[in-house]
Amino acid sequence: MKLILLGPPGAGKGTQAQRLVNKHKIVQLSTGDMLRAAVKAGTPIGIIAKDIMDRGELVPDEVVVGIVADRIEEPDAQKGFILDGFPRTVPQAEALDRMLEEKGLTLDGVIELKVDDGMLLDRIEKRVSDTVARGEPVRADDNPETLKKRLIAYYAQTAPLTAYYAQKGRLSRLDGMASIEQVALAIDRILGAKTAAKASRKVVAPARQASKPARAKASPKKKAASKPKPAKKAVKSVAAKRKKAVRRAAPKKRPGRR
Ligand code: ADP
């Protein structure tokens, strides 16, 4: 399973990623964690990243893209991964698309957790007090001032990704303000539906059978690269419906003009 979790800082991506890691035995690839580790270890990347992160700005695309490209080659990522905090800009998303295409992989989903700014601040404050209570060091960028900058960076540079993935028919949006359990359930439902759809495509396509129950076992063969693109069709059919609706609606308006 290859999944992207999108959402502002404090949206709950890390919490949900941890649960999915345990459930699906895949790895969580958090670029924030990787960069913090690099800063701590004082590597060349860490030295570049430290001040940028402390200011709440984004580390240059080529730096994070390089880190992720190396990381997804590691053996533990072969079974699947959850990207948390990456991609964060459209060029990063394009680089990820190229990376996955080269490896013959496709994403299983992009899930956006939507949360209001007010609640984000509360959550970050709680994260800080929980960290202090555990006697652990607080993240240098977990303070109201830097959070504001991180949010500005999010809305300017990361939020456009929702349109990027929506256009590809990949995006699922969730209410990230619901409880952890409710969000978890909603994610499971989305992933269940996607897995079922994928399995039924694999079963039906080669044999040209009538549609089978979605639960049917999928063929183990990988055929990611030449898979049909239902996402585009869905977008098209929505566009077509909208056009029809507009056409239908148009004559009704005319009598008013007389
Ligand atoms: P948050 O809790 O704000 O989502 P993260 O732990 O994901 O934060 O990241 C912390 C910081 O690390 C970011 O503010 C940014 O400076 C840097 N960072 C993490 N991921 C990326 C990325 N994909 N591109 C650029 N910078 C990143």
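**Reading a predicted model: a dialogue**

Reply: Two residues are in contact if their C-beta atoms, placed from the backbone, lie within 7 Å. This is a predicted model, in which local features need pLDDT of at least 70, side-chain atom pairs count only at pLDDT 80 or more, and totals for chains, interfaces and linings use all residues. Residues are numbered from 1 along each chain as its sequence is written.

Me: How many residues apart in sequence are H24 and G80, and how far apart are they in space?

Reply: They are separated by 56 residues in sequence, and their C-alpha atoms lie 8.6 Å apart. For the protein chain, 71% of the contacts between residues at least 6 apart in sequence join residues at least 24 apart.

Me: Where is the place of H24?

Reply: Helices (H or I, at least four residues) and strands (E, at least two) are DSSP runs, numbered from the N terminus. H24 is in helix α1, which covers residues 13–24. In total, the protein chain has 10 helices and 5 strands.

Me: Why does H24 count as partly exposed?

Reply: A residue is buried if 20 or more other C-beta atoms lie within 10 Å of its own, exposed if 12 or fewer, and partly exposed in between; the C-beta atoms are placed from the backbone. H24 is partly exposed because it has 15 C-beta neighbours inside 10 Å. K25 has 11 other C-beta atoms within 10 Å and is therefore exposed. Of the 258 residues in the protein chain, 24% are buried.

Me: What is the phi of K25?

Reply: Phi of K25 is near 55 degrees, a positive value in a residue other than glycine. K25 lies in the loop between α1 and β2 (27–30).

Me: Which peptide bond is cis?

Reply: The bond from F86 to P87 is cis, with omega near -5 degrees. P87 belongs to the loop between β3 (81–84) and α5 (90–103).

Me: Which residues come nearest to the ligand?

Reply: A residue is near a molecule or strand if its C-beta atom, placed from the backbone, lies within 6 Å of it. Of the 17 residues around the ligand, P9, T31, G32, G85 and R88 come nearest. Two or more residues of this shell come from each of α2 (31–41) and α3 (44–55), and α2 gives the largest share, 3 residues.
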